[in-house]
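Hi,

Here is the structure I promised to pass on. Have a look at it first, and then read my notes below.

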Amino acid sequence: MSKFDKADFNNDGVSSVFSDPAAHNDTPSFKGSQGHFKALLAIFAAVALLAGVTVAVIKLVPEREEETVSGFESITVLSLNSDDFKTVEVENQNGGFKLYSEVTESETSSDGSESTKETVWYADGCESASTDTYKTAEVASAAASLTAVREITTKTAAQCGLDSPKCRVTVTMADGGVFSILVGDVSPDNTGSYIKLSNSDKIYIAEDSLISCFDYGSGDFVNN
C-alpha cells in the first residue's frame, strides 16, 4: 500500500503534501483572537474607570469622625448647678461678655415666715433693669449642663482647633474653683463643634444648638 492517500493528490495527480498551504486555505486565522484581545482591553479600561470614579466619590464624601461605644447617644460632659456659679466670662469672636449672679429672696407666705431664694444672672456693663435675664440664664445653664454626641479619640486638640479656640467660657464657682469650656472648629461632617474642658484631655463634638449662646455679644443682653 502506498504511504500516501488519494486525498494527498490534487486533480492533476500531483502531490499536495508539500504544496503551499495558501492553496488549501490553510492560512491561520487571527481574527477571533484579536477580537478577544480587544474585549479584554475594553474590560480592563472599564474597571480602571470605575476604580477612578469610586476614589473620586470617596474623596468627596465628608470625613466622618470616629464613633466611640456611645455612638450618637448623649454623652454627659458637665452636670453642675448654675446656682453654684459666681461668674461666667466668655471670650468669642463678637467681643465676649461677663455675667455675674445675684441671689434674691422673696417671701412666699403672707406673714413672711417662708421665703424662697432665686439666682438671677446679669450682664456686666448692662443695667439690671434692662438686662434680658432669660438670655443670661440660658448662658449660665449651658455652661453648667453640657452634653456631646461623640467623643473623639483619633485627633489632637490642635487638629480640632482647640489650641486657639474660637470661644472660651470661663466659670468661677462660688467656692473659688475655676474651669473653662473650649470651643474649637466645626467637625468635617457638620455634626457639631469640637469642645474640651480645660481640666481634661478628652475631646468631644457638641451640637451647635447647645453652645450657640456662647456666641452672644455684650449688646445681646439688653432688652429692647
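Not counting residues up to four places away in sequence, Thr131 touches Trp121, Tyr122, Ala123, Cys126, Thr136, Phe221 and Asn223; a contact here means heavy atoms within 4.5 Å. Thr131 sits in the loop between strand 4 and helix 2. Helices (H or I, at least four residues) and strands (E, at least two) are DSSP runs, numbered from the N terminus. With a relative accessible area of 4%, Thr131 is buried. The cut-offs are under 20% relative accessible area for buried, over 50% for exposed, and partly exposed in between (1.4 Å probe, protein chains only).

Some housekeeping before going on. This is a predicted model, in which local features need pLDDT of at least 70 and side-chain atom pairs count only at pLDDT 80 or more, while totals for chains, interfaces and linings use all residues. Residues are numbered from 1 along each chain as its sequence is written, and side-chain values use heavy atoms, with hydrogens and water left out.

How confident is the predictor? The mean pLDDT of the protein chain is 81, and 68% of its residues reach 70 or more; pLDDT is the predictor's confidence in each residue, from 0 to 100. Take care with residues 14-18, where pLDDT stays under 50 and the model has ten contacts beyond four places in sequence. Residues 65-70 also stay under 50, with 19 such contacts.

Walk along the pairs:
- Strand 3 and strand 4 run antiparallel and are joined by nine bridges, with Ser115 in strand 4 as the bridge partner of Glu107.
- Strand 2 and strand 3 pair in the antiparallel sense over four bridges, and Thr87 has Tyr100 in strand 3 as its bridge partner.
- The hairpin of strand 2 and strand 3 has five residues between the strands, and Gly95 takes a positive phi near 105° there.
- Strand 6 and strand 10 (residues 203-206) are antiparallel too, over three bridges.

Next, the inside. The largest nonpolar core has 34 residues, and Val139 and Phe214 are among those with the most contacts inside it. Such a core is a set of buried Ala, Val, Leu, Ile, Met, Phe, Trp, Tyr and Cys residues joined through side-chain atoms within 4.5 Å. Helix 2 gives the most to this core, with five residues. Apart from it lies another core of eight residues, including Val149 and Tyr194.

Lastly, how many disulfides are there? A search of the whole structure finds zero, where a disulfide is a pair of cysteine sulfur atoms within 2.5 Å. The sulfur of Cys167 is 8.8 Å from the closest cysteine sulfur, in Cys213, too far for a bond. Cys167 is buried at 2%.

Cheers

Methods. Pairing = 2+ DSSP bridges.
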